[in-house]
Amino acid sequence: MLTRIDHIGIACFDLDKTVEFYRATYGFEVFHSEVNEEQGVREAMLKINETSDGGASYLQLLEPTREDSAVGKWLAKNGEGVHHIAFGTADVDADSEAIRDKGVRVLYEQPRRGSMDSRITFLHPKDCHGVLTELVTAATPGEADH
Ligand code: CMX
Ligand code: CO
């Protein structure tokens, strides 16, 4: 069951400048940052609020590490902006299989590693009314490597 907005992914050209904009304008601080080479991103997670399922909602600011990555290609075509939304679930395996059974293309056979040791998969934007949609199961407390 999808129980929260886990994050909104925002593509930017300069992560440090974008982090500073969110800090100076709204007071949001970086909760976690990392490079995910598989996804081709340098990213910062800004925690916005805790949620009733014990999780949280974040903004995920994304700078590409290479031009041929998903975010690099998207930025070249669209410029900066909202790149994807992510729903949180306790069981990304079961939920992505159930969604696959409804005929929506799930991009990965098995969930892959996301921010903070979460497990993630994506649904094709062309099957989701133009929205690239991610499903996330957060690492269990204690496993996350801040
Ligand atoms: N939102 C909405 N539509 C998108 C999109 C996005 N983020 N990215 C691509 N599209 C659309 C394109 O506009 C294009 O549409 P048209 O054919 O009408 O022009 C179509 O999808 C194909 O796009 P493309 O530029 O040819 O790109 P690809 O097919 O090579 O890749 C996708 C698209 C979704 C398969 C790829 O971006 C992907 O695998 N994404 C998942 C991984 C990812 O995004 N990682 C970065 C974030 C990591 C994280 O969140 O942790
Ligand atoms: Co994401």
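Which residues does Leu15 touch, not counting residues up to four places away in sequence? Select Leu15 together with Arg42, Ala44, Leu61 and Glu63: these are its contacts (two residues are in contact if their C-beta atoms, placed from the backbone, lie within 7 Å).

This is a predicted model, in which local features need pLDDT of at least 70, side-chain atom pairs count only at pLDDT 80 or more, and totals for chains, interfaces and linings use all residues. Residues are numbered from 1 along each chain as its sequence is written, and chains are lettered from A and ligands numbered from 1 in the order in which they are written.

Stay on Leu15, which is found in helix α1 (residues 15–26). Helices (H or I, at least four residues) and strands (E, at least two) are DSSP runs, numbered from the N terminus.

Next, select helix α3, residues 92–101, where Val92, Asp95 and Ser96 are buried. Seen down the axis, the buried residues of α3 fall within an arc of 95°, so they line one face of the helix; the arc is that of the directions from the helix axis to the C-beta atoms. Just after α3, Gly103 has a positive phi of about 95°.

Finally, show the whole chain: three helices and eight strands.

Notes. A residue is buried if 20 or more other C-beta atoms lie within 10 Å of its own, exposed if 12 or fewer, and partly exposed in between; C-beta atoms are placed from the backbone.
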